[in-house]
Amino acid sequence: MTTLLLVRHGLTAMTGPVLAGWTPGVGLDDRGREQVRDLAARLALVPIAAVVSSPLDRCVQTAEALVEGHLAAPIEKVESDERFGEVRYGDWTGRPLKELAEEPLWKVVQAHPSAARFPGEEGEAMADAQHRAVRAVREWNERIAAEHGADATYAVCSHGDIIKAIVADAMGLHLDQFQRIQVAPASLTVIRYTELRPFVVRLNDTGGDVRDLLPPPPEEGGGGGEGDAPVGGGA
C-alpha cells in the first residue's frame, strides 16, 4: 500500500492573475515561503522515503522546504521528474487569466478538457499531460515499493492542474470532470495505492491534523484485503 503525498507549490507573484506555466525563474514569494514552512512543520514526523519534484523553481523550493523540515528520517536530496512539470500551455503562457477567459478555447478547457490542446508549438493536450503524470506516479510507486517497502510513503511536489489530473485518475473520473476538483497552493492531497484500487485519503488539505498518516500499530489493521474498502466506513 504505497502512499503518495501530493503537494502543490506555494504562492508566487504570478499565482492567480497570470498563467505562469513553464515561465522560468518563477519562485515562491514571501507568502509562499511561509506556507511551505508551515506544511513542512506539519509533515515533519511523517515517514517520507523520498521527495520528488517538478523541475520548475516554485516546486523545487517547496520540495526543498519539505526536506529541510523533515525530522522522521533523513532525505538525501530532492529527486526531479519533468513528467510532474506544469501543463505546457504554449502561447497561453504568461498571459492574464482575465484575458484568456475571452478565448474560445477557454470554454473547452472548462467543459471538455479532454479535447483541449493549448495553442502554439509548445502547446500540450490536457489528456497528454494527465497521461505523463499518471504514468510517472505508477513508475514511482513501483520504485518506492522496491527500494523502501510496500508500505512506504513518498511526496511529489507539482502543480494544480497536474495534481487534479492525478486525483481524477485515482477516483476513476473522466478527465472532463477534473475541473470539479480544487487544489490550493501549498495544499496536501494524499492517495494510497493498493493492488485493487487507489484510495483518496485527503484532498486539498491546508491545515488538518496529519496523525492519520503515521503508520498504525499492527493490531489496528482492519479485516479483509489491503485494497478492500471498510464496510460501514471504517474507524
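## Sheet and packed helices

In this predicted model, threonine 3 has arginine 192 of strand E5 as its bridge partner. Strands of a sheet pair through backbone hydrogen bonds, either parallel or antiparallel.

E1 and E5 belong to an open sheet of six strands. The strand order is E3-E2-E4-E1-E5-E6, with mixed pairing. Strands E3 (78–80) and E6 (198–205) form the edges, and each pairs on one side only. From one strand to the next, the twist averages 20°.

| Helix | Residues | Strands | Angle |
|---|---|---|---|
| H2 | 57–68 | E1, E2, E3, E4 | about 150° with E4 |
| H6 | 160–170 | E1, E4, E5, E6 | about 35° to E5 |

Among the strands that H2 touches are E2, residues 51–53, and E4, residues 153–158. Helix H6 lies across its strands.

How many of the eleven residues of H6 are buried? Ten are, and the helix is mostly covered. The buried set includes Gly160, Asp161 and Lys164. Ile162, Ile163, Ile166 and Val167 are also among the buried residues, as are Ala165, Ala168 and Ala170.

What do these buried residues of H6 pack against? Their partners are strands E1, E4, E5 and E6, along with helix H5, residues 126–148. After H6 comes glycine 172. The phi of glycine 172 is positive, near 70°.

Methods
Residues numbered from 1 in each chain as written. Predicted model: local features only at pLDDT ≥ 70, side-chain atom pairs only at ≥ 80, totals over all residues. Heavy atoms only, no water. Pairing = 2+ DSSP bridges. Helix = DSSP H or I, 4+ residues; strand = E, 2+ residues; numbered from the N terminus. Axes fitted to C-alpha atoms, helices over the stretch in contact; angles between N-to-C directions. Contact = heavy atoms within 4.5 Å. Buried < 20%, exposed > 50% of the residue type's maximum accessible area, 1.4 Å probe, protein only.
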